[in-house]
Amino acid sequence: MRLIVGFAAGGFTDTLTRLLGAWLSERLKQEFIVEDQPGAGSNLATERVIRALPDGYTLLMATSTNAINATLYKNLKFNFLRDTTPVASITRTPLIMVVNPSFPAKAVPEFIAYARAAPGKINMATAGIGSPSHLAGELFMTMTGVLLIPVHYSRTIYLSDMLAGHVQLVFSPLPTVIEQVRAGKLRALAVTSGTPLVALPDVPTISEFVPGYEASVWNGLVAPKNTPTEIVDNLYKEIDAALADHKIGARLAGVGVVPKSMTPADFGRFIAEDTEKWGKVIRANNIKVE
């Protein structure tokens with residue numbers, strides 16, 4: 001069985017897929033091969049899975065990027081919602097709003113006040129146009145009325161510039177910066193989840209200060225359209241069992257990732273809602289890939 005990842009080896013999605021694949025291989029006594037196929041914002045890997053036989057042997061480790069791309073890219077050769085079969089939600093990864101320690105604001109209300117007094121003076125690093133870190137920042141601007149200047153990087157290479165103070169702010173996936181936060185090299189202002197995290201229990205949520213704000217990166221498996229229900233249900237049951245394994249749960253929680261099991265039907269509804277949520281942000285801010 002092949003688990004296809006639309007990003008380069010070594011990133012969180014690749015690591016998560018290999019962790020899950022190893023667990024499933026051991027449990028089912030069947031080899032699960034992880035194949036990374038980066039390119040076109042994960043669209044190449046997505047199209048590969050969509051074109052595969054609907055026999056359950058080729059699955060995509062989908063992410064929130066798939067929901068974003070549905071609006072961000074205007075000429076896709078597929079419709080993600082129409083052409084895939086949801087199998088199982090796996091994780092939610094909150095982002096964390098961090099600043100360089102030299103930045104004067106030490107809490108979200110102070111940051112908002114500072115940004116309003118200096119519109120367009122704060123540089124916000126992102127992992128690229130239309131990335132979750134970019135859209136989380138755009139949503140923050142929309143809901144608070146502040147003006148930040150996005151500085152787009154290739155994936156998560158913004159970290160060195162954040163540490164050096166060349167950019168002041170980033171809404172980063174937690175695993176990317178958690179060690180720097182713990183070491184005091186970056187200052188955490190808030191997390192983007194609806195509730196505090198086990199990994200950083202003293203860091204508040206943005207929604208405590210900006211009611212209704214929430215942003216997260218999700219991962220889950222999808223199959224080609226028309227994959228038989230029996231195959232989907234069997235895969236979901238095994239993945240649900242993996243997420244209940246305390247070893248996997250502890251490993252994910254340590255870096256701020258939350259296991260999130262959902263039935264295939266519920267996962268499908270969630271993807272549709274997330275696609276619409278980020279579609280509104282993209283359209284409202286006229287965000288386009290270059």
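User: How does the lining of the second largest pocket split by class?
Analyst: This is a predicted model, to start with. The lining of the second largest pocket has seven nonpolar, four polar and four charged residues.

User: Which residues lie nearest the centre of that second largest pocket?
Analyst: Arg92, Ser193, Gly194, Glu214 and Ser216, out of 15 lining residues.

User: And which element gives the most to the lining of the second largest pocket?
Analyst: That's α11, with four residues. β4 also supplies at least two.

User: How much space is in there, in the second largest pocket?
Analyst: About 230 Å³. For the largest pocket the figure is about 1200 Å³.

User: OK, the largest pocket then. What lines it?
Analyst: It has 47 lining residues, with Phe7, Thr65, Ala127, Arg155 and Thr156 nearest the centre. Elements giving two or more residues to that lining include α3, α6 and β9. The largest share comes from α1, which gives six residues.

User: Switching topic: what does α1 form with β1 and β2?
Analyst: A right-handed β-α-β unit, with α1 covering residues 12-28. β1 and β2 run parallel and are joined by four bridges. Within that pairing, leucine 3 has valine 34 of β2 as its bridge partner.

User: How many bridges are there between β1 and β3?
Analyst: Three, again in the parallel sense. There, isoleucine 4 stands opposite leucine 60 in β3.

Note on methods:
Residues numbered from 1 in each chain as written. Predicted model: local features only at pLDDT ≥ 70, side-chain atom pairs only at ≥ 80, totals over all residues. Heavy atoms only, no water. Pairing = 2+ DSSP bridges. Right-handed = clockwise from strand over helix to strand, strands pointing away. 1 Å grid on protein atoms, 1.4 Å probe; cavity = no way out; pocket = protein on both sides within 12 Å on 5 of 7 lines; lining within 4 Å. Points joined across faces, edges and corners; volume = space filled by probe spheres on them. Nonpolar A, V, L, I, M, F, W, Y, C, P; charged D, E, K, R; others polar.
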